[in-house]
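Hi everyone, thanks for coming.

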Amino acid sequence: MIARWIDLCARNRFLVFTGTLLLVLAGVWAERRMPLDALPDISDVQVIIHTAWNEPPNVIEDQVTYPIVTALLAAPSVKAVRAQTMFGDSYVFVVFEDGTDLYWARSRVLEYLQQIAGRLPAGVHPVIGPDATAAGWVYEYLIVDHNHRYSLADLRSLQDWFLRYQIETVPGVAEVASIGGFVRQYQVRLDPDKLRAFNIPLSTVIEKVRDSTNEVGGRLLEFRGAEYMVRGLGYLRSLSDLETVPVASKNGTPVLVRDLGTVSFGPDIRRGVAEWNGEGEAVGGIVVMRYGLNALNVISGVKMKLAEIAGSLPPGVEVVSGYDRSELIQASIDTLERDLIEEAIIVSLVIVIFLFHFRSALIPILTLPIAVVASFIPMYYLQVSSNIMSLGGLALAIGVLVDAAIVMVENGYRHLSEAQHANAGDQTKQRSISSRERQRILLDAAKQVGPALFLSLLIIVVSFLPVFLLEAQEGRMFRPLAWTKTLAIGFSSLLAITLVPSLMLLFIRGRLRPESSNPVSWVTQAIYLPVLRLCLRFPKTSVLLNLVFLALTFPLAFKLGSQFMPPLFEGASLYMPTALPGISIGQATQLLQQQDQVLRSFPEVSVFGSIGRSDSATDNAPLDMYDTTVTLKPRGEWRPGMTYEKLISEMDTKLQFPGLTNTWTMPIENRLDMELTGIKTPVGIKIQGPSLDGIEALGATVQQMLGTMPEMRSVFAERVAQGFYINVEVNRAEAARYGLTVGDVQRAITSGIGGRTSPKISRAANAIPSPSAMRSIFGTTFKSSSGW
């Protein structure tokens with residue numbers, strides 16, 4: 001079968017060359033459209049459900065998180081459901097079986113959320129996160145005001161109402177999350193004494209304000225042959241509009257909101273802060289890439305969009321990069337491409353030296369890039385991205401790709417040279433061989449070794465089948481490597497029985513030197529033949545020595561250790577200290593700035609620090625978690641003798657703050673660890689049990705035990721019962737004396753202390769470029785230590 005195929009391709013060389021050209025063009029087309037990233041995305045098929053509700057964690061856990069988790073346990077193809085509850089937010093992570101289509105999974109989650117909508121508290125609306133993974137955080141930026149003319153509220157408004165919408169138009173961007181700054185609000189601070197004086201309850205004020213900001217339609221009216229759409233305008237557009245909202249009437253005189261308190265702009269409660277280079281607070285944005293797309297193209301599109309809108313930013317305001325993954329992607333791809341080219345050049349030089357015939361050496365040299373380029377075609381349709389694992393598979397296959405071509409060419413060269421020097425006593429004399437005879441000799445030589453070479457390459461392909469059987473994270477990590485190597489070897493085996501015989505007929509011609517006249521062969525045979533004869537003379541001794549050497553390797557194998565994958569130098573480090581629960585945002589902000597100032601004192605880095613979480617479902621960081629991206633400058637700008645390990649050690653030594661436990665990792669590595677395990681470090685211990693107090697006590701014991709090990713840089717046990725509480729317990733008997741129910745008192749707590757928001761205040765053109773919201777604060781007004 002293989003021999004007939006070789007004959008067929010030799011007789012139809014034009015078709016073979018045409019098909020090869022089309023194959024190369026298709027490979028180039030596929031390669032230019034393949035997704036590019038630094039690492040394969042090993043994330044599970046996961047859908048995140050985020051619910052925002054300004055309640056304590058235990059209330060959210062009982063009334064929101066638990067119903068959602070229990071309902072989704074029965075969803076089809078669900079492998080696991082994890083959840084995290086914190087003040088104001090609930091996150092439910094629904095992990096599906098491998099191979100599940102992400103958008104099918106999202107539609108199933110939406111179906112189950114519709115089923116349980118009636119079981120959730122009024123006003124609670126769970127939403128699913130973007131169609132992205134944690135590895136989709138490809139670009140982060142900050143808005144810097146060099147002239148210090150604009151407040152953090154102004155910069156946050158610029159981010160929320162201008163930059164975010166512009167960047168979300170870039171193809172491949174799933175979401176742009178905001179972090180830092182202040183969300184500006186209309187705020188009404190009511191005076192309880194004035195409420196008592198006018199005998200107006202708090203609920204009445206809230207209801208009147210809500211009824212005073214709305215717009216309606218009155219259908220249509222027809223006048224003089226034209227129809228007019230009727231609108232009832234009533235949105236609040238300024239502070240004065242809000243101040244003049246009537247609440248009640250006393251003796252014919254209206255009681256307005258301004259008579260009961262003060263109206264002003266103020267900041268919303270925030271759960272995240274951003275900081276830049278230790279210079280102070282800033283406003284940042286996180287660009288989240290849609291699942292499975294080309295990260296390099298998305299980042300390029302974001303940069304182009306930022307450059308396009310730079311001229312429309314206010315004077316002195318600049319958007320700077322806080323984290324840019326394109327540098328890592330480009331560096332990784334460039335390194336692998338350089339290594340592939342170097343390998344190809346070295347292999348080509350070796351072929352030229354050992355064959356000692358340039359035209360013959362061109363055959364394996366030409367088939368090598370063709371096999372590599374052709375492998376991109378199935379990679380594109382299999383949705384295998386170009387990353388260090390997939391391109392690493394090509395690097396591993398380089399030597400194997402030319403084996404078949406070298407053996408076939410060497411066999412044809414030897415047969416043809418022997419035929420030219422047959423029956424000639426003088427090696428310098430050659431007999432003339434006709435073109436037909438030359439073709440017959442070369443084809444016979446190709447058919448002699450073709451089947452064996454084809455099968456040997458197929459055996460190498462089969463040897464990688466166990467890698468394809470890997471599951472979960474292991475499979476997603478190493479399958480791209482197996483695919484690329486298998487596909488490249490597969491195309492190499494096809495080229496060995498199609499293109500190589502045709503090229504042999506084209507290039508192997510003219511006067512050929514016999515193998516015995518090749519000086520390289522003299523050297524190799526002088527070394528190899530004596531060893532071969534000795535081994536054949538004492539076969540048992542040779543086998544025994546090999547077994548001894550094999551046995552000696554076993555102790556070494558057990559000492560090698562094991563690791564899922566070696567750490568990748570990402571060009572940036574992630575400093576993630578953890579504070580004890582209950583830290584205020586003011587104190588956390590002060591610590592963040594001090595940390596960034598220490599880090600910025602190192603000339604090798606720039607710093608983008610943050611605490612808490614952004615407004616993205618993919619970011620579930622609590623307020624006690626610091627997330628500081630330390631971007632490393634090019635190695636040429638480092639101090640002499642400085643290494644990455646030494647730099648991290650120096651920074652860790654200077655960053656010893658009381659109450660903080662340091663953790664060092666890298667951005668992509670951390671995002672994947674957090675998504676896959678919920679732990680922000682590569683190694684962690686999970687403790688499960690029926691009692692939160694017992695879990696926390698056991699965690700503290702484990703922390704103390706592990707902290708004594710010299711191999712540990714830092715150990716921290718997360719507190720499951722986070723934060724401090726002020727409990728207001730209703731005295732039912734006393735409440736009944738005033739005609740109040742528990743619900744009446746709890747509504748006073750919710751509205752009077754926490755504030756009630758009204759989302760229907762219109763944004764005036766120049767008055768307040770921020771989301772419409774209003775808080776009514778009863779009693780004492782609290783001001784953040786960060787100021788306003």
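Where is Arg613 found? Arg613 sits in the loop between strand S17 (605–612) and strand S18 (628–632). Before going further, a word on the source: this is a predicted model, where local features need pLDDT of at least 70 and side-chain atom pairs count only at pLDDT 80 or more, while totals for chains, interfaces and linings use all residues. Residues are numbered from 1 along each chain as its sequence is written, and side-chain values use heavy atoms, with hydrogens and water left out. Helices (H or I, at least four residues) and strands (E, at least two) are DSSP runs, numbered from the N terminus.

Back to our arginine. Is Arg613 buried or exposed? Arg613 counts as buried, because its relative accessibility is 7%. The cut-offs are these: buried is under 20% relative accessible area, exposed is over 50%, and partly exposed is in between, using a 1.4 Å probe and protein chains only. Setting aside neighbours within four places in sequence, Arg613 is in contact with residues including Met86, Phe87, Asp89, Arg271 and Asp619. Contact here means heavy atoms within 4.5 Å. Arg613 and Tyr626 are 13 residues apart in sequence, and their C-alpha atoms are 9.5 Å apart in space.

Val81 lies in strand S2 (residues 78–86) and is buried, with a relative accessible area of 17%. Val81 and Val94 are 13 residues apart in sequence, and C-alpha to C-alpha they are 4.6 Å apart. Not counting residues up to four places away in sequence, Val81 touches Val69, Leu72, Leu73, Val92, Phe93 and Val94.

Now please find Leu306. Leu306 is in helix H9 (residues 295–309) and is buried at 11% relative accessible area. Which residues does Leu306 touch, not counting residues up to four places away in sequence? They are Tyr139, Leu163, Ile167 and Val319.

Lys208, in helix H7 (residues 202–211), counts as partly exposed at 36% relative accessibility. Lys208 touches Val245, Pro246 and Val247, again leaving out residues up to four places away in sequence.

Let's turn to aromatic rings. Rings of Phe, Tyr and Trp (its six-membered ring) pair if their centres lie within 6.5 Å; planes under 30 degrees apart count as stacked, over 60 as edge-to-face and the rest as tilted. How many aromatic pairs does this rule give? The count comes to 7 aromatic pairs. Take Trp29 and Tyr380: their ring centres are 5.2 Å apart and their planes are at 70°, so this pair is edge-to-face. The pair links distant parts of the chain, with Trp29 in helix H2 (residues 13–33) and Tyr380 in helix H12 (residues 376–381), 351 residues apart. Trp29 is partly exposed at 35%, and Tyr380 is partly exposed too, at 25%. Together with Tyr381, Trp29 and Tyr380 form one aromatic cluster.

Rings can also have a charge over them. The rule is that NZ of Lys or CZ of Arg is within 6 Å of the ring centre and within 35 degrees of the ring normal. The charged end of Arg184 sits over the ring of Phe265, 5.9 Å from its centre. Lys654 lies over the face of Phe602, 5.1 Å from the ring centre.

On to helix packing. Two packed helices are described by the angle between their axes and the distance between the axes. The axes of helix H15 (residues 435–462) and helix H17 (residues 472–497) come within 9 Å and cross at roughly 175°. That makes H15 roughly antiparallel to H17. Axes are lines fitted to C-alpha atoms, for helices over the stretch in contact, and angles run from 0 to 180 degrees between N-to-C directions. Angles under 35 degrees count as roughly parallel, over 145 as roughly antiparallel, 65 to 115 as roughly perpendicular and the rest as oblique. Among the meeting residues are Phe454 and Leu457 in H15, and Ile489 and Leu494 in H17.

Last stop: Arg219, in strand S8 (residues 216–223). Arg219 is not a glycine, yet its phi is positive, near 60°. Arg219 is exposed, with a relative accessible area of 75%.
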